[in-house]
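Please read them beside the structure.

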Amino acid sequence: MLRTLSTNDHIALRTSQHLGHTDTLTQSIAVIGIGTMGRAIASGLVKAQVVSADQLVLHDRDHASAHKLAEELAGASVAINTATVCRSADVVLLCVKPNDVPQAIAQMGTLSPHTLLISIAAGVTLSALQDAAGADVPVVRAMPNTPCLIGQGLTVLSAGCAATDAHMSVAHRIFAALGACQSLAEKHLDAVTALSASGPAFVYVMIEAMAAGGLSCGLPRDVATAMAARTALGAASMVLATGMHPAELRDQVSSPGGCTIAGLLALEDGGMRSVVSRAVEVTARTAAGLGRRT
Ligand SMILES: NC(=O)c1ccc[n+]([C@@H]2O[C@H](COP(=O)([O-])OP(=O)(O)OC[C@H]3O[C@@H](n4cnc5c(N)ncnc54)[C@H](OP(=O)(O)O)[C@@H]3O)[C@@H](O)[C@H]2O)c1
């Protein structure tokens with residue numbers, strides 16, 4: 001049984017990341033929707049050598065984007081028809097926008113109870129997926145993020161009623177190859193969507209803002225951007241590697257009467273902490289409504 005997120009996440013996340021790079025899969029995987037995420041996941045799996053390219057069948061309603069990725073991956077095949085590929089695949093990874101999910105599942109036809117359907121769509125609930133696919137189809141919801149492309153992703157999984165531990169193990173092995181992977185109750189997935197799936201966008205803004213400060217102080221633009229990104233990477237790694245509370249780590253950087261506390265007070269003046277927290281909150285609320293928009 002996979003365990004859920006706990007206060008020891010920093011340890012668990014490192015462990016699953018490590019496992020991912022040694023665990024190969026024999027299943028055939030159909031990827032439906034070759035946009036930002038379908039591309040990141042398919043490329044990430046091949047890069048991590050968890051599957052060989054010939055285990056992947058790619059489908060997008062724009063056939064050209066599936067063909068382009070298949071060429072890049074050398075060995076992956078392209079399916080022109082969703083139903084044909086979904087009939088023969090062991091795992092179907094559904095990577096279309098939330099509003100496109102009902103149509104995409106309808107196009108799959110009748111899925112076998114042996115086919116594992118994994119949806120990464122934000123806001124589309126397990127019960128909606130199960131209604132569309134059939135009650136006996138094993139369904140898993142996954143919430144990955146774009147750093148999956150470089151093996152630095154974070155994915156949270158939730159099991160549908162027909163998904164067994166064996167199905168969850170397959171889903172876990174797929175996403176652990178792309179970074180850290182955990183299972184969590186479905187009620188948390190909108191918060192996860194906001195924090196870790198949308199989260200990279202928030203961190204990019206922070207990196208941009210810090211780099212702009214460096215630029216304003218006279219650093220060359222490329223130096224400032226690389227420095228801000230490395231600083232974010234180093235600080236995040238400190239939180240995960242030490243397990244210390246971020247406030248404790250922040251205190252280590254701020255000496256009495258020093259320059260860091262002056263900068264931190266400027267951030268507090270701007271309401272940075274509540275602005276970022278509210279951004280996560282409003283993103284979670286919006287994510288919850290995504291699957292229900294017409
Ligand atoms: N982007 C992220 O950071 C992120 C993170 C976590 C989860 N997600 C979830 O991942 C899913 C995909 O997001 P994305 O950003 O990768 O979207 P995207 O770039 O728009 O890619 C979706 C692709 O699927 C195609 N498509 C739509 N309906 C189809 C169908 N019935 N059959 C075949 N192909 C179809 C789309 O074609 P058209 O271009 O013609 O529409 C598009 O090429 C979303 O549900 C999102 O909630 C995204």
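1. How far is an oxygen atom of the ligand from an N or O atom in the side chain of Asp60? The distance is 2.7 Å. That is a polar contact (a pair of N or O atoms within 3.5 Å).

2. Basis of the values. This is a predicted model, where local features need pLDDT of at least 70, side-chain atom pairs count only at pLDDT 80 or more, and totals for chains, interfaces and linings use all residues. Residues are numbered from 1 along each chain as its sequence is written, and side-chain values use heavy atoms, with hydrogens and water left out.

3. Gln107 uses its side chain, with an N or O atom 2.9 Å from a ligand nitrogen. The protein covers 80% of the 890 Å² of accessible area that the ligand has on its own (Shrake-Rupley method, 1.4 Å probe).

4. The shell. The ligand is surrounded by 22 residues (a heavy atom within 4 Å). Closest are Met37, Asp60, Arg61, Val96 and Gln107. The shell splits into eleven nonpolar, seven polar and four charged residues; Asp, Glu, Lys and Arg count as charged, Ala, Val, Leu, Ile, Met, Phe, Trp, Tyr, Cys and Pro as nonpolar, and the others, Gly among them, as polar.

5. Elements at the site. Helix 2 (36-47) and helix 5 (101-108) each give two or more residues to the shell. Helix 5 gives the most, with three. Helices are DSSP runs of H or I with at least four residues, and strands are runs of E with at least two, numbered from the N terminus.

6. Eight strands form an open sheet in the order 3-2-1-4-5-6-7-8, with mixed pairing. Strand 3 (77-78) and strand 8 (179-183) are the edges, each pairing on one side only. Pairing requires at least two DSSP bridges between two strands.

7. Strand 4 (residues 91-94) and strand 5 (residues 116-119) run parallel, joined by four bridges. Leu93 stands opposite Ile118 of strand 5.

Technical notes
A polar contact is a pair of N or O atoms within 3.5 Å; within protein, one must be able to donate a hydrogen and the other to accept it, and residues adjacent in sequence count only if both atoms are side-chain atoms.
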